[in-house]
Amino acid sequence: MSNKRRLWQIFGPVLCAFILLLVIFLLPWERTFSQDAIYQAANSQTTTVFKGSLMKQDAFKDDYVPFYGSSELSRLDPLHPSVLAQKYHRNYRPFLLGGPGSQSLAQFLGMQGTAKQLKNKKAVVIVSPQWFTKMGQNPDAFALYYSPLQACNFLLDLKKSSRASRYAAQRFLAMPEVKGVVKAGMKKAASGQPLSSVQRFYLENQRRMLNNEDKFFSTFQLRDRLPKINGQAKLLPATDSAKALDRVASQQAAIHTNSNEFGINNRFFKMRLNKRNLAKLKDSQKNFDYTKSVEYSDFELMLHQFAKQHTNVLFIIPPINQKWADYTGLSQTMYQQAVAKIKYQLRSQGFDQVTDLSKRGGEQYFMEDTIHLGWRGWVAVDQAVKPFMAQPDNRYNYNIHNYFYTKKWQKARYEVAAKQKPQNNRLKVK
C-alpha cells in the first residue's frame, strides 16, 4: 500500500467530515421553534439565549417584551414579573435578558440582532446605580455575555460612522474577549473607517456560520423554569389586585427574612453573610461613588439603540436595602446624586417613562437582600409595568445627544438644587 493511500485512509475521513461540517454551517438554514421552547428561552436567562438572535426574534414578533437587567431578574419569587404574567394571563410575557454582571455594554451588544423586531414596540429596563462604578463593565463579566455573532452584526450593519459607533468600538476593543477578525473590524470602526472588502467577506461568512450555529444550538441547555414559575404562582391570590399582591408579598417576606435584622432573605444571609464576612463588611462601602463612571456613556449606547428602533421604554431605578446601606456606610446622598444623573440623562433625551424607586429601600419587605428588589419591590414594579403595557405600540422619537459620550459627562457630579420644588426635575452641574 502506498504512503499516499495510507495517509488518505488516516486523514481522509477527518478532512471529509471537516468539509461537510463547513458546508453545513455555511449554507442558509431555516428553523422554527415551538411556543414551549420560546417560553423556556424567555425565562431561562442562559448566556446561549442572551448571545443568540433567532429565539429572541421569534419571541419579539409575538407578545414577548424584553426585560433588560442583571441579577435581580434571576430571583423568581411569587411577585416576579414572569410569575405574575403567567398567573394572570397578562397580554405580554417578559423575556428576561441579563444576569449577574450584565451591564450596559453587554446589553447593547446583545441588542444588535433584534432591532427590526423591536421597532415601534416596548421594552423594560431595570437600571442599577451599582453598575456605575469608576471602570464600568467588568471585563470578566463581559466575556461571559460576549457574542461574536452580535459583534459581526454590529460591524456589518454599520451604515456610516457616528460618535456612538466609534465610542462603542473603542469600548469593545478594551475588552480582552474581542479577538481576531472582529477585533480588526472594531479598530476600523473606532477610527471611523469602513471595513475593507476582505474584512467584510470574512465577517459575512463568520456571521453566516454563527447564525447557523445559533439555529442549531440555541435550544441546548435551556433551563426549564416553568415548574418553578407555576409553583410560585400557586402562592398568589386569585384576584389580580395591588392590595392582594402586597398582602401576599408581606406574608412571604415575613417567612423568608426572619433570621436577621436586615430584612435579607434567610438563605442569602446564611450563605453570604456569616459572622466573619459580616464583620468585614462593616463600613466597607463608605467610599463608594456611583456618580463618576464610564458606565454613563455605555448606558448612552443602549439609549441610542432604543432611539434607532423607536422603542417605547420603561426604566425602573431600584433602591438599596436601607439597613444594609447604614451598616456598610454607603452614602444615600451619593446614591441620590447618581440617580439624579441617570434621570437627567434619560429625560433630557425624551425618555420620560421612569419609575424611580430609589428612596424606598427602607420600606419593610421591599428588598430581598442587600441590593436586589424583593417581594413588595416587585409589586411596586408591577404597578408601573401594568399601565405601561396597556399603552399602544407606537413610534417614539428621541433627541440623542453626543455629549453623553464625553469624559466630561462621565465625571460630572449632579445634585438636585436645594431650593427646587420636589416635582421639578431640573438639575444643575457642580
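The lining of the largest pocket in this structure is made up of 6 nonpolar, 5 polar and 8 charged residues, and the model in which this pocket is found is a predicted one. The pocket itself holds about 540 Å³ of space. Of the 19 residues that line the largest pocket, R75, K228, N265, R267 and E368 are the closest to its centre. Three helices, α12 (226-233), α13 (242-256) and α14 (266-272), each contribute at least two residues to the lining of the largest pocket, and the largest share, 4 residues, comes from α14.

A second pocket can be described in the like manner. The second largest pocket has a volume of about 460 Å³, and of the 22 residues that line the second largest pocket, those closest to its centre are Q112, D157, L158, Q305 and K308. The elements that supply two or more residues to this lining are α8 (148-156), α9 (163-173) and α16 (295-309), with α16 giving the largest share, 5 residues. By class, the residues that line the second largest pocket divide into 7 nonpolar, 10 polar and 5 charged.

For α9 and helix α10 (residues 180-190), the angle is about 140° and the axes are 8 Å apart, while the crossing of α9 and α10 is left-handed. On the side of α9, the residues that meet α10 are S165, R166, A169, Q170, F172 and L173, and on the side of α10 they are K183, M186, K187, A189 and A190. Sorted by class, this contact of α9 with α10 has 6 nonpolar, 2 polar and 3 charged residues.

A412 is located in the loop between α20 (407-411) and β6 (414-415). A412 counts as buried because its relative accessible area is 8%, whereas the cut-off for a buried residue is under 20%. Although A412 and K292 are 120 residues apart in sequence, their C-alpha atoms are 6.5 Å apart in space. When its neighbours within four places in sequence are left aside, A412 is in contact with T291 and K341.

Notes. Residues numbered from 1 in each chain as written. Predicted model: local features only at pLDDT ≥ 70, side-chain atom pairs only at ≥ 80, totals over all residues. Heavy atoms only, no water. 1 Å grid on protein atoms, 1.4 Å probe; cavity = no way out; pocket = protein on both sides within 12 Å on 5 of 7 lines; lining within 4 Å. Points joined across faces, edges and corners; volume = space filled by probe spheres on them. Nonpolar A, V, L, I, M, F, W, Y, C, P; charged D, E, K, R; others polar. Buried < 20%, exposed > 50% of the residue type's maximum accessible area, 1.4 Å probe, protein only. Contact = heavy atoms within 4.5 Å. Axes fitted to C-alpha atoms, helices over the stretch in contact; angles between N-to-C directions. Left-handed = near helix turned anticlockwise from the far one by under 90°.
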